[in-house]
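Here is a short report on a few selected features. Keep the sequence and the 3D view open as you read.

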Amino acid sequence: MRQAGRSLPEYREIRASVPMLESCRRPELVTEITLQPVRRHGVDAAILFSDIVVPVAAAGVDLDIVPGTGPVVAEPIRTAADVERIRPITRDDVWYVDEAVRQLVTELGDTPLIGFAGAPFTLASYLVEGGPSRTHAKTKALMYGEPELWHALCGRLAEVTIGFLRVQIEAGVSAVQLFDSWAGALSEADYRRYVLPHSTAVLSGLAHAGVPRIHFGVGTGELLGAMGEAGADVVGVDWRTPLDVATRRIGPDKAVQGNLDPAVLLAPWPVVEAEVRRILDQGRAAPGHVFNLGHGVLPETDPDVLTRVVALVHELSSRRADQG
Ligand code: 1CP
């Protein structure tokens with residue numbers, strides 16, 4: 001999950017002297033940071049260290065990731081001319097990601113590497129608002145007020161995202177995850193009208209790329225059915241919706257990913273253990289389950305608790321495999 005590394009002292013040490021975007025553009029740092037949680041926790045897959053705004057910056061948008069805030073855009077996108085300035089990206093624009101993925105695939109051996117990108121709605125929100133927003137008010141104003149401009153913007157962002165994911169796939173990632181973190185701000189009707197076509201374009205654009213596609217959002221309990229229709233193989237679920245309920249909404253043909261509440265990791269161990277067991281039980285309703293958190297690790301999390309959770313999930317899922 002996003003910012004998984006923030007709980008690790010070895011991550012903080014590297015980042016103390018290197019700004020976020022720069023660390024995403026230095027292949028040797030991307031490789032090292034990506035490997036840290038795998039080394040320490042023994043997780044079954046690595047997630048590429050990058051950020052959803054990296055390809056947007058490569059596409060020509062002037063932005064930075066500000067400590068304690070997140071992505072901040074110098075000149076927010078508001079007009080057709082602004083949209084025109086976002087250009088498609090190629091491998092040369094994100095050579096550092098290509099190089100890091102290639103290094104990682106070699107270093108990781110049998111451990112799969114998950115690549116990722118932001119979905120058009122979530123990227124559009126940062127670009128239109130100029131930074132993180134709780135209400136997404138300016139984004140929605142543009143969406144409702146100038147639907148043609150909205151669709152032009154999301155169309156561009158879908159192209160950037162497909163280009164970014166293709167670079168990662170060609171360099172060797174084993175799966176891709178499309179983060180539509182803020183889609184939960186929308187009603188199902190608006191999601192279907194303004195967002196689903198663009199996320200579908202991304203996921204269907206990669207249908208023949210030969211890697212599983214994961215699609216994740218936060219607060220998307222009401223949207224799970226629609227998100228499932230966008231074309232992913234796995235739908236990520238936050239902690240608000242139990243996985244058996246989520247499976248009924250998504251349909252029987254897709255795996256689920258999730259969904260331990262990251263805040264539970266701050267509770268006493270018996271609470272953590274009971275929650276992990278409940279989630280694994282409820283995940284059995286789906287044809288496949290990737291155990292994960294329901295959203296990003298909180299920086300104050302004790303890394304040893306994460307290691308213990310990984311061991312517990314391994315123990316409980318191998319016992320299940322033994323039982324056939
Ligand atoms: O866990 C990892 O380190 C994996 C790499 C990763 C991923 C998958 C990072 C590094 N960012 C992301 C995706 C990302 N970035 C998402 C989608 C997933 C999610 O919903 O969590 C989003 C919404 C962002 C945007 C972003 N980048 C924020 C959120 C701001 C907001 O709007 O609330 C922040 C704080 C960042 C910076 C960032 N990206 C990644 C890290 C490690 C950090 C923090 C930098 C630091 O403090 O060390």
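## Gln177 and its strand

In this predicted model, Gln177 sits in strand β5, which covers residues 175-179. Is Gln177 buried or exposed? Its relative accessibility is 3%, so Gln177 counts as buried, the cut-off being under 20%.

The side chain of Gln177 also has a polar partner. Gln257 meets it through its own side chain, in a polar contact of 3.4 Å.

## Cysteines

How many disulfides does a search of the whole structure find? The count is zero. A disulfide would be a covalent bond between the sulfur atoms of two cysteines.

## Helix α3

Helix α3 runs over residues 27-41, 15 residues in total. From first C-alpha to last, α3 reaches 22 Å. That is close to the 21 Å expected at 1.5 Å a residue.

The helix is not straight throughout: α3 bends by about 30° at Leu35. A proline, Pro37, follows within four residues. Just after α3 comes Gly42, with a positive phi of about 65°.

## Burial along α3

How many of the 15 residues of α3 are buried? Eleven are, and the helix is mostly covered. Among them are Pro27, Leu29, Val30, Ile33 and Val38.

Methods. Residues are numbered from 1 along each chain as its sequence is written. This is a predicted model: local features need pLDDT of at least 70, side-chain atom pairs count only at pLDDT 80 or more; totals for chains, interfaces and linings use all residues. Side-chain values use heavy atoms; hydrogens and water are left out. Helices (H or I, at least four residues) and strands (E, at least two) are DSSP runs, numbered from the N terminus. Buried means under 20% relative accessible area, exposed over 50%, partly exposed in between (1.4 Å probe, protein chains only). A polar contact is a pair of N or O atoms within 3.5 Å; within protein, one must be able to donate a hydrogen and the other to accept it, and residues adjacent in sequence count only if both atoms are side-chain atoms. A disulfide is a pair of cysteine sulfur atoms within 2.5 Å. The expected span of a helix is 1.5 Å times one less than its number of residues. The bend at a residue is the angle between axes fitted to the seven residues ending there and the seven starting there.
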